[in-house]
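Me: Got a fold here I'd like to talk through. Can you have a look with me?
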Amino acid sequence: MTRQLITLIVNGDRYQVPVAPHETLLDVIRDQVALTGTKRGCTSGACGVCTVQGEDGRAVLSCLALAIEWDNRPVTTIEGVAGEDELHPVQKAFLEYGAVQCGACTPGLIMTAKALLDENPDPDEEAINEALAGALCRCTGHIKVKIAVREAIKAMVADAAAEDSHGV
Ligand code: FES
Ligand code: FES
């Protein structure tokens, strides 16, 4: 099968990878770039566990994205979310508020929530529900997930206010 060499930019690192026309971004991220935090679930766009962020910060279902179309386009995966010294506020809140059980859905949920908050730092309940609707969790029933997202929003809003008051 003919493969084309593309450059994937994942979490700021560049990877030259040979991809077949039918291969998905999910397959290449997991199997060639060897970042396995992005999970493989339904592979048909229905569960959200494969969610990554594209260059514009929007959530992308990597199981539905053809890798060949991501040549030289930045992608953020769950491995790129934490800062050097600390977790992202969404990750912290998931841990603190018990939104993680088996963990299968967790990377996708965190990427989905982060994509929402990057676009809208203070979303209302409807926006949260809408964003999370396509990211399934079999363990938590989404209640703790929604609590964690709301707490992450509070923490991020408070951090932003503190930075403003210090003139940063
Ligand atoms: S694996 Fe992509 S949506 Fe389920
Ligand atoms: S924590 Fe198990 S599927 Fe969500």
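This is a predicted model: local features need pLDDT of at least 70, side-chain atom pairs count only at pLDDT 80 or more; totals for chains, interfaces and linings use all residues.

Me: Fine. How many helices and strands does the protein have, then?
Reply: Five helices and five strands.

Me: And in what order do the elements run from the N terminus on?
Reply: They go β-β-α-β-β-β-α-α-α-α.

Me: Which strands make up the open sheet?
Reply: The order across that three-strand sheet is β2-β1-β5, and the pairing is mixed. β2 (13-19) and β5 (74-75) each have a single partner strand, so they are the edges, and one side of each has no neighbour in the sheet.

Me: How do β1 and β5 run, parallel or antiparallel?
Reply: Parallel, with two bridges joining β5 to strand β1, residues 4-10. In one of the bridges, Val10 is partnered with Val75 of β5.

Me: What holds paired strands together in general?
Reply: Backbone hydrogen bonds, whether the pairing is parallel or antiparallel.

Me: Switching topic: what's the radius of gyration?
Reply: The protein comes out at 16 Å. A compact globule of 168 residues would be near 15 Å, so the value agrees with that.

Me: What box do the C-alpha atoms fill?
Reply: Roughly 55 × 40 × 25 Å, along the principal axes.

Me: And what share of the residues is buried?
Reply: 35% of the 168.

Me: Last one: what about contacts between residues at least 24 apart?
Reply: They account for 60% of the contacts between residues at least 6 apart in sequence.

Technical notes
Residues are numbered from 1 along each chain as its sequence is written. Chains are lettered from A and ligands numbered from 1 in the order in which they are written. Helices (H or I, at least four residues) and strands (E, at least two) are DSSP runs, numbered from the N terminus. The radius of gyration is taken over C-alpha atoms; the globule rule is 2.2 Å times the number of residues to the power 0.38. A residue is buried if 20 or more other C-beta atoms lie within 10 Å of its own, exposed if 12 or fewer, and partly exposed in between; C-beta atoms are placed from the backbone. Two residues are in contact if their C-beta atoms, placed from the backbone, lie within 7 Å. Two strands pair if DSSP finds at least two bridges between them.
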